[in-house]
Amino acid sequence: MNISVFGLGYVGCVSLGCLARSGHNVIGVDVSETKVNQVNSGLPTIIEKDIDHIIREEYNKCRISATTDYSKAILDTEISIIAVGAPSTATGHLNLQYIFKVAENFGRILRAKNDFHVIAIRSAVLPGTSAKFADIIEEYSGKKRNIDFAVVANPVFLRKGTAVHDYHNPPITVIGSDHPGAAEKVASLYRKLPAEVIITDVKVAELMKYVNNTFHALKVSFANEIGNICSALKIDSHKVMEIFCADKELNISPCYFKPGFAYGGPSLPKDLKGLQAMAHDNYVKTPLIESINTTNEWQVSRAVEMIQQTKKKKLGFLGLSFKAGTHDLHNSPAVMLVEILLGKGYEIAIYDKNVQVSNTGCTHKEYMDIHFPHLSKLMKVQISELMNESELIIVNNSEKEYTDVLANVEIGHPVIDMVRLPEAIRQKKNYKGINW
Ligand SMILES: NC(=O)c1ccc[n+]([C@@H]2O[C@H](COP(=O)([O-])OP(=O)(O)OC[C@H]3O[C@@H](n4cnc5c(N)ncnc54)[C@H](O)[C@@H]3O)[C@@H](O)[C@H]2O)c1
């Protein structure tokens with residue numbers, strides 16, 4: 001394929017060399033004549049392991065060249081990779097002037113092109129940028145996106161020092177597109193790489209780079225705080241983190257990665273507090289670990305706000321325990337939510353199959369009467385009672401009984417969902433998820 005690469009910096013130079021190595025003819029474009037001259041002399045524009053001989057070999061095979069002339073690069077190629085920089089501004093926002101300058105130039109040149117052109121944005125850009133890029137092209141070219149051209153988000157996951165290796169061994173390949181043909185064309189560039197190609201929504205793809213890098217920063221800081229605690233206790237921090245990473249079931253896994261309601265239960269809040277108290281006693285600062293509970297409390301506040309916004313006063317809670325399949329109310333975020341709303345004067349009905357069942361066994365009944373007398377009397381025996389009395393249903397755990405009722409009964413109640421109910425319920429009118 002004939003491919004153009006805009007921006008011959010880190011990402012652009014690696015893309016130029018590696019795409020040529022895969023057998024494509026690649027032309028690089030940059031505003032810097034120095035970089036263009038370097039490529040046209042068979043030299044890389046960056047210092048990076050293996051890139052010099054790749055550029056040299058592909059240059060000798062006449063598979064790579066470079067230019068400052070946009071027109072030649074766009075008219076002679078069918079796919080363009082955008083790899084210009086998008087640095088931070090002083091306020092932390094992205095400076096998109098270079099990217100949008102490229103879009104303007106693209107628009108002017110695409111005006112004269114009859115063939116369909118695919119543009120893959122590899123620069124790290126926030127959601128909405130690819131759409132804006134396409135708007136600018138439409139404005140300057142008079143052409144229509146997804147008819148004359150398509151803009152695809154294709155974030156890159158390269159690390160300096162191992163960029164060529166990372167290009168050939170990506171963790172995944174992500175392509176965000178609303179044009180299946182364009183997505184497939186970009187995917188064909190990477191099909192031979194040993195990584196899953198995930199084609200998804202444009203905004204999802206755009207966000208991925210930021211989610212990944214934020215998580216990587218979080219991992220480093222978490223390991224450092226644990227390391228600092230270990231060091232104060234004269235415990236080998238590397239042994240601790242090696243064992244931590246050996247747990248691929250709960251630790252290094254998709255477990256606990258589903259957006260939803262706050263955590264609770266007998267263990268997480270208690271153990272988090274215990275670790276924090278011990279760090280404090282040993283004069284170790286752990287701002288990241290301390291912020292976890294703040295985020296958790298915010299999630300309860302978010303639910304309160306969502307409920308208040310509905311302006312409904314009679315609330316029905318499905319589920320009170322901290323998760324499905326248990327009657328345990330220890331640090332249940334649903335209990336916290338109900339208590340806040342009771343304090344604000346809402347009328348509340350609660351149905352929780354497990355808490356209800358346990359009420360018949362005296363141990364739990366006693367526990368409820370001692371610790372939650374204010375909630376005990378709000379409990380309904382039948383789910384139908386709650387449905388009849390409530391104007392708004394709040395679903396706090398995913399017991400099958402609740403999803404069955406919400407899926408099958410044609411209820412007009414609005415629903416606020418903390419647990420991501422099945423899609424059939426999510427499609428209903430007046431449904432809202434806590435963060436989806
Ligand atoms: N460097 C990395 O390790 C890395 C990894 C993943 C993603 N990214 C992202 O990729 C993007 C590019 O990063 P980089 O490190 O390659 O940037 P860079 O600064 O090294 O290179 C950008 C290049 O774009 C050129 N350029 C600027 N305006 C131009 C224009 N109008 N037309 C043509 N060329 C133009 C510049 O001259 C420069 O050579 C950024 O968004 C970055 O966040 C970088």
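These notebook entries concern the ligand site and the aromatic pairs of a predicted model.

**Conventions.** I count residues from 1 along each chain as its sequence is written. The model is predicted, so I noted the limits: local features need pLDDT of at least 70, side-chain atom pairs count only at pLDDT 80 or more, totals for chains, interfaces and linings use all residues, and side-chain values use heavy atoms, without hydrogens or water.

**Polar contacts.** I searched for pairs of N or O atoms within 3.5 Å. Asp30 places a polar side-chain atom 2.6 Å from a ligand oxygen atom. Val11 has a backbone N or O atom 2.8 Å from an oxygen atom of the ligand, and for Ala124 a backbone N or O atom lies at 2.9 Å from a ligand oxygen atom. I then checked the accessible area (Shrake-Rupley method, 1.4 Å probe): the ligand alone exposes 830 Å², of which the protein buries 79%.

**Aromatic pairs.** I counted 6 aromatic pairs, with ring centres of Phe, Tyr or Trp (its six-membered ring) within 6.5 Å; planes under 30 degrees apart are stacked, over 60 edge-to-face, and the rest tilted. Phe222 and Phe244 form a tilted pair, 6.0 Å centre to centre with 45° between the planes.

Key:
Polar contact = N/O pair within 3.5 Å; in protein donor to acceptor, adjacent residues only side chain to side chain.
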